[in-house]
Amino acid sequence: MNRPQAPHRPMFPFRSVVLGALIPAFIHAIGVGAMVPVIAPSATSLGASLAAAGFIAALLHIGQILADLPAGAFAARVGDRRAMLVAAVVAGLGFAGAALSPGLITLGLAILLIGAASAVFHLARHSYLTEITPPLQRARVMSTLGGVHRIGQFLGPFLGALVIYSGEVHAVYLLGTLTSVAAAATVLLSREEKRSPAVTDGVGTGEATPLAPEPSLLALARNYRSMLSTLGVGVLLIGAIRGARETAIPLWGEYLGLDPAVTSLIYGLAGGVDMLLFYPAGKLMDRMGRLWVGVPGTCVMGAALLAMPFTVGPASLAAVAAVLGFGNGMTAGILMTLGSDVAPAAGRARFLGMWRVLTDTGAAGGPLVVSAGAALGSLAAGIWAAGVLGPAAGGALARWLPRWSVHANRTTRRRAGL
């Protein structure tokens, strides 16, 4: 009696994933992570007020949002790997421009350029991994991508501090130039996966469908407006609560009168807990489905933010920050994974550009919620308002994800025959 053969699993493209995306992402994140803490000091050294320095620092995120849609069109036209190479080179020029900047206008333009180049780099590697990674291993790859990005941004400030110790603040930008060159070289060394005449479909079932002509951005927005206005809201809310957590910890530490060094240690503790969970989160998403990570992770972040205004000292704030890091680590890579799940094969890069507009807009809007509360006279109210975003995001995922992705949970996979 012949035993039924197990279904064929696509071979995992380890070399292309590691050399083509993960290592370049790690190197690029080191440069950006080293740069972020020195933008404001370098601006003030050129004569900027604190308000102007804050605006110049915000240009990094503004550049990302402005470039998200053009990045999708650019990657679709020249290809994902070539787009990553161009973005790394442009980022290197931006870092060099910032290092040599004689005034605030040129510094601001350089930071804006780095943000735009980062948008192209992030989108291109996301699209590249979506195409070459088997759907049932996708979450692990995307969460690992998010994890190496976190690690790079965690290590970057320490390398930047070493550069400042041996030189001056502006020398940190030259470190960014070197990391951009190194990221481009790593992409060049990677082996490009051969494209097959058929690719996985837009819902991530793993079934092959013929490659259709590239639709326009307007056509994609029209065809997927229902998805973007439902599941997209949940994605935006996840981005918002993630952005809010980055602002809430330092602001509440300042409100409690903690020494900046203590607040930095607490923030680092949250980041350390966060970094420990990216691979387990991805493995759980691959085995059980996206909802098993998305809903509890967002609710944990929301609960931690709601508890933060009740902290009264460094110990209690550290405990809440650790829980906040735990929740964020649980959701590592989920936004990229969901984007890959629902992206159509034809027009993937352009679609992911729209997807990144939602995530980046949420990340930029979350801190505004916290800051608005402080501006209106109650920082606690702002943090509580941000905390409500957590269960709202979890509810949106639970309501809309099963409609749009077969990978929502095991039930939806069984219905799709996976």
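**View A. The buried residues of helix 13 in the predicted model.** In this predicted model, the residues of helix 13 that count as buried are Leu317, Ala318, Val320, Ala321, Ala322, Leu324, Gly325, Gly327, Asn328, Gly329 and Met330. These buried residues pack against helix 5 (138-166), helix 9 (231-255), helix 10 (260-275), helix 11 (278-288) and helix 12 (291-307).

View B. Within helix 11, the buried residues are Phe278, Ala281, Gly282, Met285, Asp286 and Met288. The cover over them includes helix 5, helix 10, helix 12, helix 13, helix 14 (334-342) and helix 17. Just after helix 11, glycine 289 adopts a positive phi of about 115 degrees.

View C. Since arginine 140 lies in helix 5 and aspartate 286 in helix 11, the pair ties together parts that are 146 residues apart in sequence. Aspartate 286 is buried, with a relative accessible area of 5%, whereas arginine 140 is partly exposed at 22%. Both residues also belong to a network of salt bridges that links Arg138, Arg140, Asp286, Arg290 and Asp341. A further salt bridge, with an N to O distance of 2.9 Å, joins the side chains of arginine 150 and aspartate 274. Here arginine 150 lies in helix 5 and aspartate 274 in helix 10, so this pair ties together parts that are 124 residues apart in sequence. Arginine 150 is buried, with a relative accessible area of 16%, and aspartate 274 also counts as buried, at 4%.

**View D. The salt bridge between glutamate 131 and arginine 348.** The side chains of glutamate 131 and arginine 348 meet in a salt bridge with an N to O distance of 3.7 Å. Glutamate 131 lies in helix 4 (residues 104-132) and arginine 348 in helix 15, so the pair ties together parts that are 217 residues apart in sequence. The relative accessible area of glutamate 131 is 26%, which makes this residue partly exposed, whereas arginine 348 counts as buried at 6%. In the model as a whole, the count comes to 9 salt bridges.

View E. Serine 405 is found in the loop between helix 16 and helix 17 (410-415), and counts as buried because its relative accessibility is 1%. Leaving aside residues up to four places away in sequence, serine 405 touches Asp341, Val342 and Thr412.

View F. Leucine 162, in helix 5, is exposed, with a relative accessible area of 56%. From C-alpha to C-alpha, leucine 162 and threonine 144 are 27 Å apart in space, with a separation of 18 residues in sequence.

Notes:
Residues numbered from 1 in each chain as written. Predicted model: local features only at pLDDT ≥ 70, side-chain atom pairs only at ≥ 80, totals over all residues. Heavy atoms only, no water. Buried < 20%, exposed > 50% of the residue type's maximum accessible area, 1.4 Å probe, protein only. Helix = DSSP H or I, 4+ residues; strand = E, 2+ residues; numbered from the N terminus. Contact = heavy atoms within 4.5 Å. Salt bridge = Lys/Arg side-chain N within 4 Å of Asp/Glu carboxyl O.
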